[in-house]
Amino acid sequence: MRVTLLGTGSPIPTLERAGTSLVIDTGNENFMIDCGPNAVYRLIENDIDYGEIEDLFITHHHLDHNAAFYNFVFTSWAQGGRESLTVYGPDNTDTLIESMYDIYEEDLEYRKDIYPSEGITNIDTVGLHDEFSTTIDGHTITALSVSHSIETYAIKVTDHETDKTFVFSSDTSKIPALTDFARDADVLVQDACIGPYDEEEVPEEGLVWEQYRTDSPYSGDTIYESHCSAEDAGEIASEADVGTLVLTHFLPYRDTDEMYERAERKFSGSVVIAEDGLELDI
Ligand SMILES: [Zn+2]
Ligand SMILES: [Zn+2]
């Protein structure tokens, strides 16, 4: 399988990192995990035929993981190709769809004459939970409830032909269940939101939130209860004995060299700093 990281940032908008989104190419199908800000533009940049995506997993309803949802649903429908769309997610995922039909009722009616007849009125929702399992093109997808500020799921994808496994932690603090879930995975893409600030990374222009010029407002206890640090990520990867650890979900202007070293001190396998557009062949 090929995993493309479309967005590797946080809720704070920067031009370098979009909100969280990933695409998994199974060989015959593409499916998507999360749909954070800028996801549609990153799909185009990465040359992914997103009109044919029929499965979208939303790990949790934080804006940095779902804010491009309506943009994705409308533009992928306009592209044509899909016969249906299934959205998997926590409680309230159906509200997202119902709200869309409500808010865009007239817009949808207007566009029905322009866009394909299929793929917009038949959007299904499926709830994620710890016993969840489904299969897409010979790949089994399972979920694990993790520890974040709201209901959130890590996702595991196993290719039965190659026996390769990919795990995405989503947003979580370090919990033993995640280590068990990620055990022996070939690649773990892991929340490493907590990391040292690097003043030299702050641009002269293009800073969206001015308060980030000096330090992070996300420096209180809340973030430690709901995210991992680079050290945590390294420990999880080591305890789970994964092949490759990919650090992601970066706040703006982090010292990623230092984060790499902190993860490497805990984990002897290979460590990668995620970038938007990074492709992982697993
Ligand atoms: Zn979150
Ligand atoms: Zn997040």
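**Figure 1. Burial and overall dimensions of the chain.** Buried residues account for 43% of the 282 residues in the chain. A residue is buried if 20 or more other C-beta atoms lie within 10 Å of its own, exposed if 12 or fewer, and partly exposed in between, with C-beta atoms placed from the backbone. This is a predicted model: local features need pLDDT of at least 70, side-chain atom pairs count only at pLDDT 80 or more, and totals for chains, interfaces and linings use all residues. Residues are numbered from 1 along each chain as its sequence is written, while chains are lettered from A and ligands numbered from 1 in the order in which they are written. The C-alpha atoms fill a box of roughly 55 × 45 × 30 Å along the principal axes. A compact globule of 282 residues would have a radius of gyration near 19 Å, and the 18 Å of the chain agrees. That radius is taken over C-alpha atoms, and the globule rule is 2.2 Å times the number of residues to the power 0.38.

**Figure 2. The sheet from E6 to E14.** The chain has nine helices and 14 strands. Helices (H or I, at least four residues) and strands (E, at least two) are DSSP runs, numbered from the N terminus. Seven strands form an open sheet with mixed pairing, in the order E6-E5-E4-E3-E2-E1-E14. Two strands pair if DSSP finds at least two bridges between them. Strands E6 (123-127) and E14 (278-281) stand at the edges; each has a single partner strand, so one side of each lacks a neighbour in the sheet. From one strand to the next, the twist averages 20°. Strands E1 (residues 2-7) and E2 (residues 21-25) are antiparallel and share five bridges. Val3 stands opposite Ile24 in E2.

**Figure 3. Helix H4 on its strands.** Helix H4 (residues 93-103) lies across E5 (85-89) and E6, at about 160° to E6. Axes are lines fitted to C-alpha atoms, for helices over the stretch in contact, and angles run from 0 to 180 degrees between N-to-C directions. Two residues are in contact if their C-beta atoms, placed from the backbone, lie within 7 Å.

**Figure 4. The sheet from E7 to E13.** A further open sheet has seven strands, ordered E7-E8-E9-E10-E11-E12-E13, with mixed pairing. Its edges are E7 (133-136) and E13 (270-273), each with a single partner strand, so one side of each has no neighbour in the sheet. E7 pairs with E8 (residues 139-145) in the antiparallel sense over four bridges. Ser133 has Thr142 in E8 as its bridge partner. Helix H9 (residues 256-266) lies across E12 (244-248) and E13, at about 160° to E13.

**Figure 5. Strand E10 and its partners.** Four of the five residues in E10 (residues 164-168) are buried. E9 (residues 153-159) pairs with E10 in the antiparallel sense over five bridges. Four residues separate E9 and E10 in a hairpin, where Asp163 in the turn has a positive phi of about 65°. E10 and E11 (residues 187-191) run parallel, joined by three bridges. Phe168 stands opposite Val189 in E11.

**Figure 6. The largest nonpolar core.** This core has 69 residues, and Ala154, Leu188, Leu245 and Leu247 have the most contacts inside it. A nonpolar core is a set of buried Ala, Val, Leu, Ile, Met, Phe, Trp, Tyr and Cys residues joined through C-beta atoms within 7 Å. Helix H8 (residues 230-240) gives the most to this core, with five residues. Beyond neighbours within four places in sequence, the contacts of Leu245 include Leu188, Ala233, Ala237, Phe267 and Val271.
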